[in-house]
Amino acid sequence: MRAFACDLARYRESGDSRWRIAMNPAVWSIFWYRVGRVLYAKRSFAPVRFPFKVLHQLGALLFDALLQMRLNVRAQIGPGLLIAHCGGITLHPDVVIGCHCDLAHHVTLGTRGAGRHGVPRLGDGVYVGTNAVLIGPIKVGDGARIGANSLVNRDVPAGATVLGVPAVIVHQRTSGVAAEQSDGVGA
């Protein structure tokens, strides 16, 4: 659960009080995802795992139905995830998200369509804006920024800011500046 401690640290760094963090449904969803990752780990004791997996599945269904937060336990999410607003997050089970990434609400990361293969892989310190859709076997480099309402279907280099449908690069930071700014993503 060290990853969840890093998640909480990101919320504290953004200025949220303990009360606001505790009452934030996005934090609840991240916590439930992290619990699921522990439950589905091969190293946990199998007889104990089964009833808790059933409970976790019911909770995940509740989060999906009521909060529209679908953080699949098979997705690989690095520590320090910050979801700015609750609602509309959909992650394909094979998605990989790096450390210290920010997701706004109504973000989709998945395949290009039914029966298609390949999903996005996000580097460290990536910001994904509201209503952004990232589809297909693409790589988003460290410190990249995806603008609101963008459709990303091609690779995004490290430090790039992309916007539009389909997304195009509107700004490119140098790799040194991108690395520094990815520590304070969304700034």
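Q: Where is Gln68 placed?
A: Gln68 is in the loop between helix 4 (46-67) and strand 1 (69-71). Helices (H or I, at least four residues) and strands (E, at least two) are DSSP runs, numbered from the N terminus. This is a predicted model, in which local features need pLDDT of at least 70 and side-chain atom pairs count only at pLDDT 80 or more, while totals for chains, interfaces and linings use all residues. Residues are numbered from 1 along each chain as its sequence is written, and side-chain values use heavy atoms, with hydrogens and water left out.

Q: What is the phi of Gln68?
A: Gln68 has a positive phi of about 55°, although it is not a glycine. Most residues other than glycine have a negative phi.

Q: Why does Gln68 count as partly exposed?
A: Because its relative accessibility is 45%. Buried means under 20% relative accessible area, exposed over 50%, and partly exposed in between (1.4 Å probe, protein chains only).

Q: And what about the phi of Asn149?
A: Asn149 is not a glycine, yet its phi is positive, at about 60°. Asn149 sits in the loop between strand 12 and strand 13 (151-152). With a relative accessible area of 47%, Asn149 is partly exposed.

Q: Which residues does a cis peptide bond join?
A: Val165 and Pro166, with omega about -10°. Most peptide bonds are trans. Pro166 is found in the loop between strand 14 (160-163) and strand 15.

Q: New topic: how many helices and strands does the chain have?
A: The chain has five helices and 15 strands. Its radius of gyration is 16 Å, close to the 16 Å that the globule rule gives for 187 residues, so the chain is as compact as a globular protein of that length. That radius is taken over C-alpha atoms, and the globule rule is 2.2 Å times the number of residues to the power 0.38.

Q: In what order do the six strands of the open sheet run?
A: The order is 3-6-9-12-14-15, with mixed pairing. Strand 3 (82-83) and strand 15 (168-172) stand at the edges, each with a single partner strand, so one side of each is left without a neighbour in the sheet. Two strands pair if DSSP finds at least two bridges between them.

Q: In what sense do strand 9 and strand 12 pair?
A: Strand 9 (residues 127-128) and strand 12 (residues 145-146) pair in the parallel sense, over two bridges. Tyr127 stands opposite Arg145 in strand 12.

Q: What about the open sheet of four strands, what is its order?
A: It goes 2-5-8-11, and the pairing is parallel. Strand 2 (76-77) and strand 11 (139-140) are at the edges, each with a single partner strand, so one side of each has no neighbour in the sheet. Strand 8 (residues 121-122) pairs with strand 11 over two bridges, in the parallel sense. The bridge partner of Arg121 in strand 11 is Lys139.

Q: Is Ser29 buried or exposed?
A: Ser29 is buried, with a relative accessible area of 4%. Ser29 belongs to helix 3 (residues 25-39).

Q: Which residues is Ser29 in contact with, leaving aside neighbours within four places in sequence?
A: Phe63, Leu67, Met69 and Leu71. Contact means heavy atoms within 4.5 Å.

Q: What share of the chain counts as buried?
A: Of the 187 residues, 42% count as buried.
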